[in-house]
Amino acid sequence: MSELVIEASGLRKEFRTRQGLRVAVSDLDLAVPAGGVHGFLGPNGSGKTTTIRMLLGLAHATAGSMRLFGEPVPDRLPSVIGRVGAVVESPKFAPHFSGRQNLTLLARSIGAPSSRVDAAVETVGLTGRDRDRFKTYSLGMKQRLAIAATLLKDPALLILDEPTNGLDPAGIREIRDTIRSLGESGVTVLLSSHILAEVQQVCTSATIIGQGRMLASGRVDDLVGASTSYRVAVPDPEAARRVLDVAGFHLTDDLLVETDRPAEVTQALGAAGIWLSELTPVRRDLESVFLELTSGTEMGAEQ
Amino acid sequence: MIRLLGVELTRLRWRRAVLALLVLAIVVPALIAASRVWATRPVSQGELDQAARNGSSEIQDCVDHPRRYGVPAQDAEQRCTDMVVGWYTGREPLSLAGERVGGSGMAVVAVLTAFLLLAGTTFVGHDWNTGSMSNQLLFEARRGRVWWAKALAVTLASFVLAAAVSTAYWLTLWATMRARDLPMLDGALADSLAYGMRGAGFATAAALGGYALTMLFRSTVATVGVLFGVSIAGGIIIATLGIGEQWQPQKNVSAIVKNGTTYYAEVPDSCFMRAQEATEPEPNSECDQIRDLSLWHGLGYYGVALAATAGASVASFRRRDVP
C-alpha cells in the first residue's frame with residue numbers, strides 16, 4: 001500500500017447549539033494515498049466540510065486523530081501546512097483588495113516571490129483582471145482566485161471543497177483538466193464535490209460519507225464494481241430471447257443480459273444465425289453507488 | 001515573525017477604512033491646534049477700539065463708580081478701560097501649562113484614543129467579517145503568531161502616528177508662543193512633549209485593546225457596542241456602588257496623561273470633628289479629602305484591564321474554531 005498523505009481515525013466533531021449537542025462527524029476514518037485524485041463524497045450535511053476544516057486546523061476535533069504527511073495534526077500542522085493548498089467552501093478574500101493584492105499578502109506571508117503570484121494568476125486565467133477588486137469578480141473568478149492562492153505554495157496536497165461551484169461549463173472543464181494534470185504530476189488532490197460525474201471522470205479513488213460516517217472507500221473502479229450486465233442489439237429480439245433461454249441466459253424486456261460470460265452470449269446467438277449489432281457492458285456509475293449508500297442520510301448532520 | 005509583521009503592516013496600509021480613521025486622527029488634532037492658535041491670538045488695536053466702543057457706557061459707569069467695580073479710584077479710567085475691554089475681547093493668551101492642565105491637551109488625547117481604537121477594531125474586524133481570517137490561517141497555522149503579528153502592527157502604527165501627532169501639536173503651540181513673545185516657564189516644552197507621549201501611549205493601548213476585543217468578539221460592531229456600554233455604564237455603576245473616585249476610568253486616564261492627578265475622597269465623620277479644631281489633615285491621610293492619584297495607579301488600572309483583555313483574546317483565538 002502506498003504512503004498515506006491523509007489519515008484520520010475515529011474522527012468526531014460535536015457542535016453545541018441551542019437545540020443541544022449536534023454531531024457533525026462521528027467516528028470517521030479516512031485514508032488518502034499519495035498521488036492521484038481522491039474524491040470525497042457525501043450528501044449535504046454529511047460532514048465533508050467539517051472534516052476538511054478539522055484537517056486544516058480551522059476546527060478542533062472533539063475526538064479522534066489525524067495525520068497529514070504522517071505528521072499528527074493539529075499539533076504539527078505548522079510544519080506541514082506549507083505543503084497543503086486548500087479551498088474551503090466559498091472563496092474568502094478581502095473584497096476591497098484586488099485579486100493581486102490578496103494573493104500578494106498571502107504570498108508574502110510564506111515568503112514566496114511575486115513571480116509566484118504572476119504564475120498563479122496566469123495558471124487560473126485571471127490575467128488582465130487581477131488588478132480589479134475582488135468584490136467585482138464573478139463567482140467563477142472568485143473560485144479561480146482561490147485556486148490561484150493554493151498554487152502559491154507549490155503544494156504536495158491540494159484540498160478542494162466544491163472547486164467548480166459557479167463556474168461555467170468551459171471553466172469546469174478547465175478546472176477539471178487542471179485537477180487531473182495536478183494528480184498526474186504527483187500532487188495528491190482531495191476533491192470534495194457534489195458533481196459525481198465529475199468525480200468519476202477525474203478521481204482514481206474516493207471516500208463516500210453519510211451522517212458523518214464513512215460508508216465506502218476505495219478505488220473508483222472497485223466502488224462501481226465490474227460489469228455484470230450487457231445490453232444486446234439484435235434484429236429479432238424475440239428470437240434472440242428464445243435462443244438465450246435455451247442457452248441458460250435471461251434476456252430482459254430492456255434487452256439486458258445478466259452474465260459474467262459475455263462471450264458465450266455472442267457464441268449462442270451466432271450459432272443460431274442471429275448476428276449481434278451491439279453488445280454493450282452496462283456499468284453502474286458512481287451516482288448509483290452514491291445514491292444506494294447515502295439514501296436516507298441527507299440532512300443527517302450539521303456541516 | 002518579522003515577515004508576518006510586514007504583511008500585517010501592508011494589510012493595514014491597504015485597508016481604506018483604517019486609513020480614513022488614521023487620516024482623521026491627524027486632521028482633527030490639527031484642527032484643534034488651529035482653533036487654539038486662533039482663539040488665543042493677540043488682540044489687535046482695531047479689536048481693542050471696537051471693544052472700547054461697545055463697552056463705553058460700562059467704562060464710563062466704572063469710572064464714575066470705581067468701588068462698585070472693585071477698582072481703585074487712582075488710575076480708574078485706565079483700569080476700568082482695561083477691565084471692560086478684557087470682558088469684551090474675552091481672550092486668554094496661549095499657555096502650554098494651561099493647555100495641559102485644563103485645556104486642549106486632553107481633547108487631543110481623547111481624539112487620538114477614539115480614532116486609534118476604532119482603527120484597531122476595524123483593521124481586524126474586516127478579517128472576521130469577510131471570512132478571510134481562515135484563508136490567512138491556511139498559510140500561517142500558528143495562531144499565536146498571527147495574533148501577535150497583527151497586534152504588533154496595530155501597536156506600531158498607532159504609536160508612531162499618535163506620537164507624531166502629539167509632538168506636532170505641542171510644537172505648534174510652542175512655536176506660536178515663541179512667535180508671540182509670550183512668557184514661558186523653564187521646561188514647559190519638555191513637560192508638554194512628555195504629556196503628549198503619555199497621551200500617545202494611552203491611545204496606543206486603546207488601539208491594542210480595541211484590536212484584542214475584536215479578536216475576542218470577532219465583530220467590530222460587538223466591540224464598539226461593548227465599549228460604548230462600558231463607557232456609559234461603568235462610571236455610573238462605580239458611583240452607584242459607592243466605589244471610590246480613584247477607580248473611575250476618567251480619573252485614571254488623567255493620572256496617566258497628566259503624570260498624576262487628584263481625586264475627591266469620602267472621609268469618616270470623625271474627621272469633621274477634628275476639622276472644628278482647625279487642624280489641617282496630613283496630605284493623603286484618612287481625613288484628607290483631596291488625595292493624589294499617581295501615574296502608576298493609572299498604569300496599573302488600565303494595564304490590568306489590557307492584559308486581561310489580551311489574555312482572553314489570545315486564548316480564545318487559539319482555541320475556538322475559525323469560520
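Predicted model: local features only at pLDDT ≥ 70, side-chain atom pairs only at ≥ 80, totals over all residues.
The C-alpha trace of chain A spans about 75 × 50 × 40 Å along its principal axes, and the secondary structure of the chain comprises 11 helices and 13 strands.

Two domains are assigned in chain A: domain 1 covers residues 4-224, and domain 2 covers residues 229-282. Their C-alpha centres are 46 Å apart.

One open sheet of chain A contains 3 strands in the order β12-β11-β13, with antiparallel pairing. Strands β12 and β13 of chain A are the edge strands, and each of them pairs on one side only. On average, neighbouring strands of this sheet are turned by 30° against each other, direction ignored. Strands of a sheet pair through backbone hydrogen bonds, in either a parallel or an antiparallel manner.

| Strand (chain A) | Residues |
|---|---|
| β11 | residues 229-233 |
| β12 | residues 256-258 |
| β13 | residues 278-282 |

Strands β11 and β13 of chain A run antiparallel and are joined by 5 bridges. Which residue of β13(A) does A:V232 stand opposite? The residue facing A:V232 is A:L279.

Definitions and conventions. Residues numbered from 1 in each chain as written. Chains lettered and ligands numbered in written order. Domains from an automatic or database assignment. Pairing = 2+ DSSP bridges. Helix = DSSP H or I, 4+ residues; strand = E, 2+ residues; numbered from the N terminus. Axes fitted to C-alpha atoms, helices over the stretch in contact; angles between N-to-C directions.
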